[in-house]
Amino acid sequence: MSFLRKNRSAAAVLLIGLLFVAVGVWRGEVEVVFRKAVNICMECIGLG
Amino acid sequence: MGKVFSSVRRRLRTWVQIGFTALTNGYAAGFAKGTIYKGPTKAFCVPGLNCYSCPGALGACPIGSFQAVIASRDYKFTFYIVGFLMLVGAVFGRFVCGWLCPFGLVQDLLYKIPFIKKLRRLPGDRFLKYLKYVILAGFVIILPLTVLDIVGQGQPWFCKYICPSGTLFAGIPLVASSPPLQQALGWLFTWKVGILAVLLLLSVAVYRPFCRYLCPLGAVYGLFNPIAFYRFRVDGQKCTGCAVCQKACPMDIPVYKTPNSPECIRCGVCKKSCPHGAICPTLSKNRVKEAQ
């Protein structure tokens, strides 16, 4: 408990981060990331 | 056996960097065949700057993914990646840069090469260190969001025009193993190889020039350094202000004044060098009770 009290800001950011990830998953952003990541990114390799 | 353990302990950070890079880029077949991994783990980000088009990459790059989502037609903000950055930032801050980033490892290894005169910092460091925030705002957020093609889709500007990690870990291995890609080479590839070459050469003389001046991911994680669970504290009772920590710090940070500077990559050299044992991480067993 005292650990959390000393790290209130980090704990709050962590909680908001978790919430954001959940919202992102719910909105279907994971699909966009997956689609981008499983195809060779021509821009990233300097051809696009 | 004792000598082996002591050597591993001394080089613990390098071993962690090598181990984590190997673990997150473990698709060896990709390097052999000149292809990339297409499995389900690609939906998840790794904490460091690790191009998803690297033949060995098992995960996605957070900066590439951020641009991919905000530049898509369907989303103009990404909760998924911002949330991921907050999660990692809240726990580690820039510890990721010092211990888990593959391009950080490359720069660390290059800096070990002997050179006539190693520089503490580049001329104009005072201003140059803010360049990474300009790159974050301009190339990672504003340009992908606002410069759209006819179907309303943006581009990953940072990946396309700057990212040396993508050139080194993805561009060069893929182009080297694919004759069709070699046919498609043009000015953009030359530009990106040029940036990479300059940074690699600079890394021999200056410690981590990319992380200090250009990396947008380091800029994001640096903002979390003062509040992350993993922070440094200076014991006011023990610290004499001798500045030995700053002299030892490869990033030239006055740790005794700003132990949680956004520039600190948590390499831990200051902690080892302090003659009074005044610097301590918050997650250590011997953590400092009275913080300065």
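The dialogue below looks at a helix pair and a pair of domains in a predicted model.

Q: How is the packing of two helices described, and at what angle do the axes of helix 2 of chain A and helix 5 of chain B cross?
A: Two packed helices are described by the angle between their axes and by the distance between those axes. In this model, the axes of helix 2 (residues 8-27) of chain A and helix 5 (residues 79-92) of chain B come within 7 Å and cross at roughly 155°. Angles over 145 degrees count as roughly antiparallel, and helix 2 of chain A and helix 5 of chain B are therefore roughly antiparallel to each other. Helix 2 of chain A passes helix 5 of chain B in a left-handed crossing.

Q: Which residues meet where helix 2 of chain A touches helix 5 of chain B?
A: On helix 2 of chain A they include A:Leu14, A:Gly17, A:Val21 and A:Arg27, and on helix 5 of chain B they include B:Phe79, B:Gly83, B:Met86 and B:Ala90. By class, this contact has 17 nonpolar, four polar and one charged residues.

Q: What does the domain assignment give for chain B, and which element gives the most to the side of domain 1 that touches domain 2?
A: The assignment divides chain B into domain 1 (2-224) and domain 2 (231-292), and 27 Å separate their centres, taken over C-alpha atoms. In chain B, 14 residues of domain 1 are in contact with 10 residues of domain 2. On the domain 1 side, helix 6 (95-99), helix 14 (209-213) and helix 15 (216-224) of chain B each give two or more residues, and helix 6 gives the most, with three residues. By class, that side of domain 1 has five nonpolar, three polar and six charged residues.

Note on methods:
Residues numbered from 1 in each chain as written. Chains lettered and ligands numbered in written order. Predicted model: local features only at pLDDT ≥ 70, side-chain atom pairs only at ≥ 80, totals over all residues. Axes fitted to C-alpha atoms, helices over the stretch in contact; angles between N-to-C directions. Helix = DSSP H or I, 4+ residues; strand = E, 2+ residues; numbered from the N terminus. Parallel < 35°, antiparallel > 145°, perpendicular 65-115°, else oblique. Left-handed = near helix turned anticlockwise from the far one by under 90°. Contact = placed C-beta atoms within 7 Å. Nonpolar A, V, L, I, M, F, W, Y, C, P; charged D, E, K, R; others polar. Domains from an automatic or database assignment.
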